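Open the structure in your viewer and keep the selection tool at hand.

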Amino acid sequence: MAALTHPVTSVLGGVQWGRTGLAKSSSVSECSPSSSGWAGRNHFRQELQCVKLASRNLTVSRKSKSSPAVCALAIEELSEPAAISSKNLKGRSDVRNIAIIAHVDHGKTTLVDGMLRQAKVFRDNQAMQERIMDSNDLERERGITILSKNTAIRYKGTKINIIDTPGHSDFGGEVERVLNMVDGVLLLVDSVEGPMPQTRFVLKKALELGHTVVVVVNKVDRPNARIDYVVNTTFELFVELNATDEQCDFQVVYASGIQGKAGLEPTNLANDLEPLFETVLRVIPEPQVSTDGPLQMLVTNLDYDEHKGRICIGRVHAGTINRAQEVKVCTPDGNCRVAKVSELFVYENFARVPVDSVAAGDICALSGLEDVQIGETLADKLEGVALPTIKVEEPTVKMSFSVNVSPFAGREGKYVTSRNLRDRLYRELERNLAMKVEDGETADTFMVSGRGTLHLTILIENMRREGYEFMIGPPKVINQEVNGKKLEPFEDAIVEVPQEYVGAVVDLLGRRRGQMLDMQSSGRDNSTLVKYRMPTRGLLGLRNALLTASRGTAILNTQFHGFGEWAGDISTREQGSLVAFETGTATSYALFSCQERGQLFLGPGIDIYQGQIIGVHQRPGDLALNACKRKAATNVRSNKEATVVLATPLDFSLDDCVEYIQEDELVEVTPQSVRMCKNPKMQKKR
């Protein structure tokens, strides 16, 4: 700690900052973090806070030497934000709006389950499945949250609107959208892992909006929990993200979501989540709204009901909205139109409840507006003013979607034309703000951009289950050109791997133009945490390569960092493909000789076509094979037929196929099959 404080105090000439103001001192503060206990933790916070405030003051003093105007501006930025006139605003003590944000697999949805159960949302004898909020089939299969969802509970007469958010970085657009509806957030941090890449991203967005943050250290019942380390590193993260003094003085709650317990001390958990509920009521601010002003409601999410049609979800920022009321719908470009609300709902106990009116400060859903879009404002018909629209970060990866042109086209799909494909892709843009769709080089090709390959493969899997049949190209990064320089996106990759495989992982990341930032013990038994900054191009296909290098033990997490100069060429795949020589049915006789050339993707009895990729070649370059050859039938008898033993084929999922393909290859997606093939257009050019 001394190394952290000495430079600052020496530059300032012994002037130190504290929570109570400015104090003169001739020596460095003697507070230092202890390995455990509350005193050490509080001292550690104050010490870092001193450094933060002192460095701010130092910046102001430097600016003042060059320009008084700049100095005045800097001091104005450091002062407390000007208080909003409260003449027309009043707090609603009966409502709290919170979002639960965290890194993937830190226990958000499980904690919401516990909150719903203890709020008596369900009957005592009612059988409920785990992860109630993950209602989507894909969410249950993959064990992750993909879409943000609303619910509400009541505690001591106060309604608490809760929004469960995704934890994966590819779905950061969902988090950015819903943060506009809340006044505070619960930041969940795993008691072993501590802050992870997505923790930084979601916390940064919450702090930028000025939200109050309650830190929940979850999974404290784990045997190797590092509670003091997690709290201290979380505070460091607040300081790094330039949080205000009030935000840095956050409340910490310790919890075990799966057991439904919480407490203000890690060693003294209550038998329920009451300490968490009490903290929400005490710390999360009341909505400050103008209930008497003209109506303002920002549409933040969309849903669909078979009977009611499109449902708009958002928070009423001002005024009151009524059922059957005529409202003015204002678009971001300034155009307005009049529409009528047919039905109005609020969230109560995991259900939508119809109501006649909703006052400002509450979150509601309404139907009857068929053409409304996310980011538009529902305002008073006469005096309404539009709210600022929702902005999310730009996508970093793009893929081509095209009509299926394989010999098996039209066999399995229901929607196969370019018009069907176009309508479905542009319909996705209505609720997926982080995605972009553009027309491709031909009429039957579309370029779809997203936050990452997982973001796009979720869309592909949903379309496949809806009956669509199409082809997709390999993922490509979206580059920028600034001042004649080519820039590409970079990401921070954090890999947790056992000690014995660190060398193989470091070698793999280095060959993909990665630069090591940090290496430390992860807190788990015999595990190391390696942090790299590398081009997004180097991450394409990296997950499977990491699993191979670490024998399935590596855990990869990534977070978008920014754009940097082009890092050079990257070789992502060293082996070629085994390509089918002719169309027909694969036979055991032919596959027996094919498997000597590499690993196969299929077994006997599968229909294949010319140009289809049937395996991984053991050497660089592609190799064409005849997998349909049959044993010649002769009149010569043999005493015993030769026994054919085939190796188990590789079972590639949709995500694996997207990572595998190269520039001249495509993935054919149908409701029943996922195949890979060589791009016929490129084969013709060759």
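This is a predicted model: local features need pLDDT of at least 70, side-chain atom pairs count only at pLDDT 80 or more; totals for chains, interfaces and linings use all residues.

The chain has 686 residues, and 50% of them count as buried. Now consider the contacts in the chain with a separation of 6 or more: 70% of these join residues 24 or more positions apart.

Next, select residues 197-208, which are helix 7, together with residues 227-240, which are helix 8. At what angle do these two helices pack? The angle is about 50 degrees, and the axes lie 10 Å apart. The crossing of helix 7 past helix 8 is right-handed.

Show the side chains where the two helices touch. On helix 7, pick Thr199, Arg200, Leu203 and Leu207; on helix 8, their partners are Leu237, Phe238 and Glu240. By type, the residues of this contact are four nonpolar, one polar and two charged.

Now move to strand 6, residues 158-164, and select asparagine 161 within it. Is asparagine 161 buried or exposed? Its relative accessibility is 2%, so asparagine 161 counts as buried. Display the side chain of asparagine 97 as well: it makes a polar contact with the side chain of asparagine 161, at 2.8 Å.

Finally, show what else surrounds asparagine 161. Leaving aside neighbours within four places in sequence, its contacts include Val95, Arg96 and Ile98, Thr151 and Ala152, and also Tyr347, Asp362 and Ile363.

Conventions. Residues are numbered from 1 along each chain as its sequence is written. Side-chain values use heavy atoms; hydrogens and water are left out. Axes are lines fitted to C-alpha atoms, for helices over the stretch in contact, and angles run from 0 to 180 degrees between N-to-C directions. Helices (H or I, at least four residues) and strands (E, at least two) are DSSP runs, numbered from the N terminus. A crossing is left-handed if the near helix is turned anticlockwise from the far one by less than a right angle, and right-handed if clockwise. Contact means heavy atoms within 4.5 Å. Ala, Val, Leu, Ile, Met, Phe, Trp, Tyr, Cys and Pro count as nonpolar, Asp, Glu, Lys and Arg as charged, and the others, Gly among them, as polar. Buried means under 20% relative accessible area, exposed over 50%, partly exposed in between (1.4 Å probe, protein chains only). A polar contact is a pair of N or O atoms within 3.5 Å; within protein, one must be able to donate a hydrogen and the other to accept it, and residues adjacent in sequence count only if both atoms are side-chain atoms.
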